[in-house]
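Have the view open and follow along.

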Amino acid sequence: MGRVRRPHGIRGEIRVEILTDYPERLVQRDNVYLARPHSPDDVQRYPLEALRPHKGILLIKLGGVDDRDAAERLRGMLVQVPLEEAVPLEEGEYYYFQLTGVDVETDTGEWLGRVADVIEGGAHDVYVIRGPRGEILLPAVEDVILELDMEREKMVVHLLPGMVEGAA
């Protein structure tokens, strides 16, 4: 639902970047779950004490996070809710966390790496792939993303000219 950017003030509030189309659903919650990216099994539950919008982000106060140092330790963590409580998605839509770790290969069979992050864009999202060629940014458009098989955790892509050094 969001990503902790940094502490706000000295009383433990955190600034959270909104990564959901439904931020109002957080207001209805008693608890939220925080996890480090790429560590989905290491999840911690926090009581939600307060939440308020502020200049395009959310300011959140969590139970047990009472000073700036405690809030700083949460920097970069993902704010989540259990999947069974999430807003149902349309067919072919996925939550960002579901894409993280998916293997990515080209339509010629070259393994490019794994999805490490998703950058939310205006016209389309961008998938950050990390692998043997380093970091590759792929636009989430039909001409590039040919297949996404979530059961096999595999994405097949077509590299357009100039997208990656050495791509035809």
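Entry 1: Lys and Arg count as positive, Asp and Glu as negative, while His and the chain ends are not counted. I placed each charge at NZ of Lys, CZ of Arg, CG of Asp or CD of Glu. D21 sits in the loop between β2 and α1 (24-27). Its relative accessible area is 63%, so D21 is exposed. My cut-offs were under 20% relative accessible area for buried, over 50% for exposed and partly exposed in between (1.4 Å probe, protein chains only). Areas are from the Shrake-Rupley method with a 1.4 Å probe, and for residues only the protein chains shown count as cover.

**Entry 2: what I am working from.** This is a predicted model, and I kept local features only at pLDDT of at least 70 and side-chain atom pairs only at pLDDT 80 or more, while totals for chains, interfaces and linings use all residues. Residues are numbered from 1 along each chain as its sequence is written, and side-chain values use heavy atoms, with hydrogens and water left out.

**Entry 3: salt bridges.** Side chains of opposite charge can pair when their charged atoms come close. How many salt bridges does the structure hold? I found eleven, taking a side-chain nitrogen of Lys or Arg within 4 Å of a carboxyl oxygen of Asp or Glu.

- R3 and D117 meet in a salt bridge at 3.4 Å, N to O. This pair links distant parts of the chain, with R3 in strand β1 (residues 2-8) and D117 in strand β8 (residues 111-119), 114 residues apart. R3 has 15% relative accessibility and so counts as buried, whereas D117, at 23%, counts as partly exposed.
- E72 bridges to R75, with the closest N and O atoms 2.6 Å apart. E72 is partly exposed at 33% relative accessibility, and R75 is partly exposed with 39%.
- R130 pairs with E135, the closest N and O atoms being 3.0 Å apart. R130 is partly exposed at 45%, as E135 is at 49%.
- E49, K61 and D66 are linked in a network of salt bridges.

Entry 4: I then went to R15, in strand β2 (residues 13-18).

**Entry 5: the whole protein.** I counted three helices and twelve strands; these are DSSP runs numbered from the N terminus, H or I of at least four residues for helices and E of at least two for strands. The C-alpha trace spans about 55 × 30 × 30 Å along its principal axes. Of the 168 residues, 37% are buried. The protein exposes about 10,100 Å², with carbon and sulfur atoms supplying 47% of it. Back on charge, I noted 20 positive and 32 negative charges, whose mean positions are 11 Å apart.
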